[in-house]
Amino acid sequence: MVHIPSKDEILQWISDNPTKTSKRDIAKAFGIKGAARIDLKRALKELESEGHLQKRKRSYTDPEELPPVSVLEVIGPDADGDLTARPLEWQGTGEEPRVVVVPKSGDPALGKGNRILARLKKVGGDEFDYEARLIRKIGSNPLRILAIFRESHEGGRLVPIDKGADKEWLVPEGATDDARDGELVEAQQTGPKGRMGLPRAKVVARLGDPSEPRAVSLIAIHQHGIPDHFPDAVIAEADKAKPAPLGDRLDLRDMPLVTIDPVDARDHDDACFAQIDTNPANKGGFIVWVAIADVAHYVTPGSALDREARKRGNSSYFPDRVVPMLPDRLSGDLCSLHEGVERPCVAVKMVIDKDGTKISHEFHRAMMKSAASLAYAEVQDAMDGRANEKCEPLLEDVIKPLYGAYAALTRAREARQPLELDLPERKIELGEDGKVASIAFRERLDAHKMIEEFMVLANVAAAETLLKKKTPLLYRVHEEPSTEKLEALRETAVSSGLVLAKGQVLQTRHLNQLLAQAAGTDQDELINISTLRSMTQAYYSPENFAHFGLALRNYAHFTSPIRRYADLIVHRGLISAHGWGDDGLSEQDIESLEETAQQISDTERRSMVAERDTTDRYLASYLSERLGNEFSGRVAGIARFGVFVKLDETGADGLVPIGTIGREFFVHDEDTNTLRGEKSGLTIGLGQRALVRLAEATPVTGGITLDLLELDGKALPKSSNSGGGKTHRGRKVGQTRAKKAKLKRKVKRKRGN
């Protein structure tokens, strides 16, 4: 008989073990396995409802507090020299707490990226929320950096390419790997600061000329640790794969399913078909089929392919290349729904009424043969009366019914009111030489929206099926914005002369009303960007916290298993729930579901940052030949050290350093997020129109520096070197700095300095 701990025992365990508070940790501590986990879950739910615990994503903690002993990641010294860190266990809804590490005599040197176990003390000051005292460093791999190698008499120096990186590194003789001056290298830290005050490193990889176009995405791949080479065992497994037989699968080979993708798509993992429902009880309704590549047939639990796919989490996309989750034998061949080729799939048949409400759905493991591989633009052209030879035969029986079903789903979407952000996406076009040829806006056609609606409907059907069948899965979670971020958005709206409803439970329709007020005005882009920034980041979780942005209660990713591991887990869940075979969810899959959710949420963020950094570098490269040119833009960010301006033409973000603005001190008001000149009263705030001159563009880092010429059509005074453009934040900041200075003196005394 398994002992289920009492509520008091659970609370005592959490109090004694503040860094181990997930349901899995608690179950392991009390030896709870199998069905007994249900009783533990019930006890935790009761403690939560009684207010003793608050669940944040995957763990139970005191609401809005960091544990007294926490794992931190060192960020590095701030502008005032204080060593700062971020809490890796923050589960709250507001802004991440600010932590300062207070060293004591004998502590080891800490640098950016170090993980530490620390004892925290809440201080609640203006500058920091917690003080951290080191307990011990947590073992980690040696710090690696990407840098430009510079030859020197003592061996070499490394100049990091990261915009936020610290000073140079020293490479002793014999540790240069014969790197050439100006070459891009990857280096590994070998020791702390030496006699010259620089950390020591050795070159571990030479990556070539940093000015070559191919280096741009390569830099991001190496910098963020994205695996870009498959191990031999993974390639061997993929090469052994054979086409799947029909077997017991539903035969859909005669159904004219079509794939609709970007014109340059390398893989096709989703196909669709729609027809008018002939059931008299569903007049005006449609039957929609969505078929998704059956990746689970080839990537089985525990295989080398599976381990590598989980490690990567997702594919990463760059303007010049893709780093796939699966080898090309699968992603570009056996799992890709190519035109005229038989392919295994997991298909869902969904019946919707004339208003787009889903009446029913059913899943099948099937075999299909794509009738055509189509591009978004040619499908849209066909509907607009310009069908080409490929689309003409499909127009009446395939394309028009798809748009008919989409029209119905659009009515359902309008009733549901998901968040309707309007942020045009820019696409980098590369020439044959690999350099940026142009920056264009991505087309946003009805064909794009149609496929998105079909995929959302299929994702909902997958989540609902697994929920009903009580099968474990990974939900796609998007929690509602925090109170603090909503208040900041409300202040931005008010300053723009707009209104965001207050005093009621926030729904996406309230945000849509704000966006509608701003549409077509000078504040349009500002409000869209501010609304986006107020959102929390979506993540994966075995617990269902709904999807705020889509206004959906049950949502999971099902439609892209070639490029997302989460979808593969959902496919395995469907296989297990329907008894389709022995390649469904394994015990290990289920046991490690929380860890998998965290892993692939992290890899998704890693890819997003790498893709953004690559875009920044390409934009800087594109603009580097236009130094001195003037550009129009809009203020997109305010900081103590300067103003960020987003350029209209390219969407690039550039920094106007505070020292180049005017001839006076500027007060940084964090509450209103503005800079105000002490003498002139000039106020710089988000959304203001700006005319700037391009002062510097550094392709290797992606950094862009601008000179501010005009603000809202009014010229600014020329910069001065006599103290112009410095900032302070008033009386409170002075008091804070005094406290910090006192704290530093105490630290020095303890060190014996």
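Accessible areas here come from the Shrake-Rupley method with a 1.4 Å probe, and for residues only the protein chains shown count as cover. The protein chain has an accessible surface of about 36300 Å², with 48% of that belonging to carbon and sulfur atoms.

This is a predicted model, so local features need pLDDT of at least 70 and side-chain atom pairs count only at pLDDT 80 or more, while totals for chains, interfaces and linings use all residues. Residues are numbered from 1 along each chain as its sequence is written, and side-chain values use heavy atoms, leaving out hydrogens and water.

**Exercise 1.** Work out how helix 11 and helix 13 are oriented to each other.

*Solution.*
- Step 1: find helix 11 at residues 483–495 and helix 13 at residues 524–534 (helices are DSSP runs of H or I, at least four residues, numbered from the N terminus).
- Step 2: take the angle, about 170°, with the axes 9 Å apart (axes are lines fitted to C-alpha atoms over the stretch in contact, and angles run from 0 to 180 degrees between N-to-C directions).
- Step 3: angles over 145 degrees count as roughly antiparallel, so that is what helix 11 and helix 13 are.

**Exercise 2.** Find out whether Asp294 and Arg365 are buried or exposed, and what their salt bridge ties together.

*Solution.*
- Step 1: the closest N and O atoms of Asp294 and Arg365 are 2.8 Å apart, which makes a salt bridge (a side-chain nitrogen of Lys or Arg within 4 Å of a carboxyl oxygen of Asp or Glu).
- Step 2: Asp294, at 0% relative accessibility, is buried (under 20% relative accessible area; exposed is over 50%), and Arg365 is buried at 10%.
- Step 3: Asp294 sits in the loop between strand 16 and helix 6, and Arg365 in strand 20, so the pair ties together parts 71 residues apart in sequence (strands are DSSP runs of E, at least two residues).

Note on methods
Angles under 35 degrees count as roughly parallel, over 145 as roughly antiparallel, 65 to 115 as roughly perpendicular and the rest as oblique. Buried means under 20% relative accessible area, exposed over 50%, partly exposed in between (1.4 Å probe, protein chains only).
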